[in-house]
Structures are given as C-alpha cells and as structure tokens.
Amino acid sequence: MEATWQQLCARLGTKYPIMQDGMGPSPTTSLATAVSAAGGLGSVSTPGLLTPEAELRKKLRDRMEQVAVNGAGSFAVNVPVGTLESGEMLPASEACIDEAIRVKLAGGPTSDHFRAITTSAGFPGAFTERIKEAGLLHIHKAGSVRHAVKAAEAGVDVVIASGYEMGGHTHLNPVSTMVLAAQAVKELDVPVIVSGGIHDGYGLAAMLAMGAAGVAMGTRFIATEEHEWHHNYKQFIVDAGEWQDMTYPGYYAPSRGLKNKALLEDLPAKKASGVSIDELNQWKEDRGYDAQMEGDVENGIVVAGQVSAAIHDIVPVAVLLERMMDEAIGLLEVTAASLPALKAARA
Ligand SMILES: Cc1cc2nc3c(=O)[nH]c(=O)nc-3n(C[C@H](O)[C@H](O)[C@H](O)COP(=O)(O)O)c2cc1C
C-alpha cells in the first residue's frame, strides 16, 4: 500500500514530500521556482494584504506565470483569509483566490503547473467549493486540532498542522508542533502536512514516521541562494541564536520575528504614539519590506521562526532538499534496523 506521503505527492505532482509555504507580501517567486524545479511544492505568496485590487491581481498572475514557466514543477498559491481587528475579512483574500481560480480555469502551462491553493489565518469554508471545482487541491493551515478538524469537516483536501513556533503570523492560542502533529494525524481523515520549526531531514523523518504526508517550511527556505530577499535578512537568520525570536502583534494575530531595534523599540514607540490601526499595519508592512528587500535588519522587521537558531547556512534549494532526503532516509534506515531489538525488548 502507498504511504500517505506518496499519495499526496502523486496528487500534487511533486517528487518529494517537502513544501515551501507562503511568505507574503514580499515576493517568493524565485524561491518557489527553485523549489518547484527541485521536486518540492513551491508557493507563490500573496503580493500584499493592503495593495489596491487591480495591482494585486496583476502581481499575482505575473508571479504565477514566472514560477510555472521557469520552475516547470508544481506550485501552490498561498492566501491568508484572516479577519481584521474590525472583524472584516481581508479584502485582498477574496481578490487573490478569485484571480488564482481564473488562472486555473484559463488553462495553458501556468494552469497545468498550478496545483493547490493554501489558505491560512482564518476559517476557509467560504472558499472550499470554488477551489475544488476549479480542479485545485484546497490545503488549509491550522494551528490547533480543533481548527484542523473544523477545516477538514468544511471539506478541505489537506491540512497543514502548524505549531506556534512558526515564523510569521502564528496562532492566538499556542500549541507547539510536537503536541499538535501526532494529534492532527490521528484525528483527521485527510492528509496532514506538518510545519513550524522544521528545517532538516531529522524533522522530515520524524513527521513521516508519525504518519504525516509531508513537511512545510518557511524560515529555512529564506536562507537559500535562490530566494530573492536581501542577503542581510538571510544572514540575520543564520546568525540568530536561541531566544532571539519573539512575538509581536501582527495584522490579525501574533506574528513571530527576530529581536532587533524595530521590534524592541520602534514598534512599541509607534503604538504608543496613538496612530490608527491602518497606519500601524502599513508601517509594519513597510518595515517588513525594508528588511526583506532593502536589507535593513535593524530598522526593518525580520519576520522569522524560532527555528532560526538551528539554521547555520545559506544553501541552494536543491542542496537543501537533497540533504533533507539523505538525512531522512539515513535516519529511517537506522530506525528500521533497530526494530527487531525494539520488539525483543518487550519480550
Ligand atoms: C517572513 C514570513 C512571512 C510569512 N508570511 C505568510 C503568509 O503570507 N501567509 C501564510 O500563510 N503564512 C506565512 N508565513 C508562515 C509560513 O507560511 C509557514 O507556515 C511558517 O514559516 C512555518 O514555520 P517555520 O518558519 O518554522 O518553517 C510567513 C512566515 C515567514 C517566516
């Protein structure tokens, strides 16, 4: 019988059970291209949660086309479907999902390589039917067993179980990856991809042994040669030590980044100055760009996960994927070889 990861790879058209998850709003287009070319699932990120709609749609289409043409493997589009503090759904969510579905239905090479929409940060039920009818897999990211079950009951095809240590917008109620992963695999009838804190073949082997269908990573993929963000950002992750991560208020939930002047001094000062929520959100988005695209890692916000402390190099994507596969296969072989002894220990 095929393992869950084999079945999911077949449905997604990937070689390896490794996914690069969305990291908007700065582009992850070159990164997704490299991941898709190397046999993983690349993700095109939402171009902006605050960008005007026509520009948003165009940027998304362009990014999808670039990944399809240059990567020639499978890719997904990531769309956060969170609500603002006012309770409204992010207007960008509806526009991005609609545009991505149009691209799929239009047919042609971009459509062929485009295999899934990943929603995150909110309840995805309003979009499931349209996504599936368009011939795409609906993957949804959840940070608790209860949200994962709710998403599966709403009809999503695959759940990403993402632990609280993840980079970027994390969850209001913390559940760490180690607590979440096995429970999600046991509770759900749909395949589970695990994310949050994974960076190597040890994590991959553990999750496959647990019955997961694969792993997804964000922070580890930032520190790769093909990723289009500034070298300083990648190096800041490589140089980060234990306890350097912290959470701060994001747009719709806590977000995790690395301690620096922007998070420790500038953000509290900005909040205390009494600016409106919209101005504050724009300030955070701009400071993210400053760090990601301009390389200002002191005045810009460095969004990244706790796993930064375990990342020690900037490597080509294909090297990372092959290294992860080598490590996972090696570990699983050693584990399999020790099975007779494990069984004998019970006798
Ligand atoms: C810089 C950055 C930006 C992110 N932006 C998004 C986003 O736009 N949408 C989303 O669903 N998740 C976003 N995330 C979360 C990632 O998709 C992924 O779930 C997370 O990075 C996994 O945890 P890890 O960082 O420990 O690998 C972001 C993460 C990072 C580090």
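Accessible areas here come from the Shrake-Rupley method with a 1.4 Å probe. By that method, the protein chain of this predicted model exposes about 14,700 Å², and carbon and sulfur atoms supply 54% of that area.

**Overall build**

The protein chain contains 15 helices and 11 strands. Its radius of gyration is 19 Å, close to the 20 Å given by the globule rule for 347 residues, so the chain is as compact as a globular protein of that length. Along the principal axes, the C-alpha atoms fill a box of roughly 70 × 45 × 35 Å. Of the 347 residues in the chain, 54% are buried. When contacts between residues at least 6 apart in sequence are considered, 64% join residues at least 24 apart. The chain carries 28 positive and 41 negative side chains, and the centres of these two sets lie 4 Å apart.

**Helix 8**

Helix 8 covers residues 177-187, and its buried residues are Thr177, Leu180, Ala181, Ala184 and Val185. Viewed down the helix axis, these buried residues fall within an arc of 120 degrees, so they line one face of helix 8. The face turned away from this buried side carries Met178, Lys186 and Glu187, which are exposed.

What do the buried residues of helix 8 pack against? Their partners are both strands and helices, as listed below.

| Element packed against the buried residues of helix 8 | Residues |
|---|---|
| Strand 5 | 137-142 |
| Helix 7 | 145-153 |
| Strand 6 | 158-162 |
| Strand 8 | 192-195 |
| Helix 9 | 201-209 |

**Two single positions**

Thr29 belongs to helix 2, which spans residues 29-37. Is Thr29 buried or exposed? Buried means under 20% relative accessible area, and Thr29 has a relative accessibility of 5%, so Thr29 counts as buried. Leaving out residues up to four places away in sequence, Thr29 touches Arg63, Gln66, Val67 and Glu228.

Gly13 sits in the loop that runs between helix 1 (4-12) and strand 1 (18-20). Its relative accessibility is 41%, so Gly13 counts as partly exposed. Apart from neighbours within four places in sequence, Gly13 is in contact with Ser74 and Arg115. Gly13 and Gly39 are separated by 26 residues in sequence, and their C-alpha atoms are 8.8 Å apart in space.

Terms used: Residues are numbered from 1 along each chain as its sequence is written. This is a predicted model: local features need pLDDT of at least 70, side-chain atom pairs count only at pLDDT 80 or more; totals for chains, interfaces and linings use all residues. Side-chain values use heavy atoms; hydrogens and water are left out. Helices (H or I, at least four residues) and strands (E, at least two) are DSSP runs, numbered from the N terminus. The radius of gyration is taken over C-alpha atoms; the globule rule is 2.2 Å times the number of residues to the power 0.38. Buried means under 20% relative accessible area, exposed over 50%, partly exposed in between (1.4 Å probe, protein chains only). Contact means heavy atoms within 4.5 Å. Lys and Arg count as positive and Asp and Glu as negative; His and the chain ends are not counted. The place of a charge is taken as NZ of Lys, CZ of Arg, CG of Asp or CD of Glu. The arc is that of the directions from the helix axis to the C-beta atoms.
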